[in-house]
Amino acid sequence: MMEITKYRIELVRENSKLYDIANDKATTPESVYEIIKDRFNISSLAEEIFGILCLDTKNNIVGTFQVSHGNLDGCTVHPREIFKRAMLVNSASIILFHNHPSGEPEPSKEDKNVTNRLIEAGKILGIRILDHIIACDSYFLSFKEHGYC
């Protein structure tokens with residue numbers, strides 16, 4: 001007797017802003033902040049999220065990912081989860097970002113440690129980290145502009 005197996009396919013509709021990246025270019029920290037605000041609704045979040053913008057060799061965005069969702073004052077970030085996504089879209093470089101729901105953009109010691117750890121992992125993999133943006137409701141901080149990376 002032959003066994004019949006049925007499969008079900010579901011279509012999941014996500015926010016189309018995450019995929020509408022054809023004309024986006026990461027040229028300045030300000031442009032990155034605007035993209036992050038638009039795609040991830042940073043101002044409406046009560047918890048921290050950590051994500052990446054994946055870039056090609058000409059700084060065109062080839063992927064945007066929310067990698068981790070945490071709580072009020074932190075979220076867990078692991079290099080494996082960051083670079084897995086970057087490699088899937090063949091990134092030449094990435095820009096890290098996370099939000100501070102408190103509204104204070106100054107990086108913590110842990111923010112700096114995580115960034116340095118990811119920079120070192122990126123060197124091994126050949127994927128440069130160009131910047132790390134801490135986004136708040138109406139302003140941001142760029143690690144690159146402040147000499148943190």
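Strand 1 and strand 3 run antiparallel to each other, joined by 6 bridges. Keep in mind that this is a predicted model.

**Strand 1 and its partners**
- On the strand 3 side, Leu55 has Ser93 as its bridge partner.
- Strand 1 also pairs with strand 2 (residues 61-69), again in the antiparallel sense, this time over 7 bridges.

**Which way the side chains of strand 1 point**
- In a regular strand, side chains alternate between the two faces of the sheet.
- Here, Ile49, Gly51, Leu53 and Leu55 point one way, while Phe50, Ile52 and Cys54 point the other way.
- Are these residues buried or exposed? Both sets are buried, and the count for strand 1 is 7 of 7.

**Helix 3**
- Helix 3 covers residues 109-125, and its 17 residues should span 24 Å at 1.5 Å a residue; the end C-alpha atoms sit 25 Å apart, so the two values agree.
- Its buried residues are Asp111, Val114, Thr115, Leu118, Ile119, Ala121 and Gly122.
- An α-helix has 3.6 residues a turn, so residues three or four places apart point the same way.
- What covers the buried residues of helix 3? The cover includes strand 1 (49-55), helix 2 (79-88), strand 3 (93-99) and strand 4 (128-135).

Methods:
Residues are numbered from 1 along each chain as its sequence is written. This is a predicted model: local features need pLDDT of at least 70, side-chain atom pairs count only at pLDDT 80 or more; totals for chains, interfaces and linings use all residues. Side-chain values use heavy atoms; hydrogens and water are left out. Helices (H or I, at least four residues) and strands (E, at least two) are DSSP runs, numbered from the N terminus. The expected span of a helix is 1.5 Å times one less than its number of residues. Buried means under 20% relative accessible area, exposed over 50%, partly exposed in between (1.4 Å probe, protein chains only). Contact means heavy atoms within 4.5 Å. Two strands pair if DSSP finds at least two bridges between them.
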